[in-house]
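User: Please examine the model shown below and answer some questions on how its elements pack together.

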Amino acid sequence: MDRAQKAEAVSALNATLSNAASVVIVRNLGLTVAQSTVLRQQMRDAGASFKVSKNRLARIALDGTPYTGIGDLLTGPTAIASSADPVAAAKVAVEFAKTNDKLEIVGGGMGDVILDVEGVKALAALPSLDQLRATLIGLVQAPATKVAQIAAAPAGQLARVFGAYGAKEAA
């Protein structure tokens, strides 16, 4: 890479990190191209990004973002997973690491908070933002549904009573 390409890569990574709600640092211990492609696809499907970068360029890109403290984690063959949803990148990385021993979770960050391996795993165990929204909507709708059922129940009972009297009279 020449100097212009490096500057462009640093600015693109800086923009990605500035907009990320969470960042996960992983260590590549010999993933094949096919395995790496599967991981990238899973990240994209979850709304996250997965970027392999030179550690020196990644440290430069961390400057000016809330994740400047995770620069110490960038040693060896590392990659950066980030997402706007706080749990998406962590969830995909942890699930992939469970099935593949060639990917190791090193740590990460969420805002100004630096996460160790256990912190990333705890973050991955949380429900996603969409799941939380669905749960909240379900909780809000449940009382309204119950009220509608209770309000409709007496009318239904009356209709059944009148139907029974009508059937009795007809017989």
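**Packing in a predicted model**

User: In this predicted model, with which residues is Phe-50 in contact, leaving aside its neighbours within four places in sequence?

Analyst: Sequence neighbours within four places are set aside here. The contacts of Phe-50 that remain are Val-26, Leu-39, Arg-40, Met-43, Ala-79, Ile-80 and Ala-81.

User: Which element supplies the largest share of the largest nonpolar core?

Analyst: The largest nonpolar core has 22 residues, and Val-24, Val-26, Leu-39, Met-43, Phe-50, Ile-105 and Val-120 are those with the most contacts inside it. At least two residues each come from strand 1 (22-28), helix 2 (33-45), strand 2 (48-52), strand 3 (78-83), helix 4 (88-99), strand 4 (103-110) and helix 5 (117-125). The largest share, 6 residues, is supplied by helix 4.

User: How many residues does the second, separate core have?

Analyst: Val-23, Tyr-67, Ile-70 and Val-106 are included in this second core, which is separate. Its residues number 15.

User: Which strands stand at the edges of the open sheet, and why is one side of each left without a neighbour?

Analyst: The open sheet has 5 strands in the order 2-3-1-4-5, and the pairing is antiparallel.

User: Which residue in strand 5 is the bridge partner of Met-110?

Analyst: Strand 4 and strand 5 run antiparallel and are joined by 3 bridges. Within strand 5, the bridge partner of Met-110 is Val-113.

User: What angle does the direction of helix 5 make with that of strand 4?

Analyst: Helix 2 lies across strand 2, strand 3 and strand 4, and runs at about 145° to strand 2. Helix 5 also packs on the sheet, where it touches strand 1, strand 4 and strand 5. The direction of helix 5 makes an angle with that of strand 4 of about 80°.

User: What covers the buried residues of helix 4?

Analyst: Helix 4 has 12 residues and reaches 17 Å from its first C-alpha to its last, close to the 16 Å expected. Its buried residues are Ala-88, Ala-89, Ala-90, Val-92, Ala-93, Val-94 and Phe-96. What covers them includes strand 1, helix 2, strand 2, strand 3, strand 4 and helix 5.

User: Within what arc do the buried residues of helix 3 fall, seen down its axis?

Analyst: In helix 3 (residues 55-62), the buried residues are Asn-55, Leu-57, Ala-58, Ala-61 and Leu-62. They line one face of the helix, because seen down the axis they fall within an arc of 160°.

User: Against which elements do the buried residues of helix 3 pack?

Analyst: Just after helix 3, Gly-64 takes a positive phi of about 85°. The buried residues of the helix itself pack against helix 1 (3-18) and strand 3.

User: Which residues are exposed on the other side of helix 1?

Analyst: The buried residues of helix 1 are Val-10, Leu-13 and Leu-17. Seen down the axis, these fall within an arc of 70°, so they line one face of the helix. Their cover includes strand 1, strand 2, helix 3 and strand 3. On the other side of helix 1, the exposed residues are Ala-4 and Glu-8.

Methods. Residues are numbered from 1 along each chain as its sequence is written. This is a predicted model: local features need pLDDT of at least 70, side-chain atom pairs count only at pLDDT 80 or more; totals for chains, interfaces and linings use all residues. Side-chain values use heavy atoms; hydrogens and water are left out. A nonpolar core is a set of buried Ala, Val, Leu, Ile, Met, Phe, Trp, Tyr and Cys residues joined through side-chain atoms within 4.5 Å. Buried means under 20% relative accessible area, exposed over 50%, partly exposed in between (1.4 Å probe, protein chains only). Helices (H or I, at least four residues) and strands (E, at least two) are DSSP runs, numbered from the N terminus. Contact means heavy atoms within 4.5 Å. Two strands pair if DSSP finds at least two bridges between them. Axes are lines fitted to C-alpha atoms, for helices over the stretch in contact, and angles run from 0 to 180 degrees between N-to-C directions. The expected span of a helix is 1.5 Å times one less than its number of residues. The arc is that of the directions from the helix axis to the C-beta atoms.
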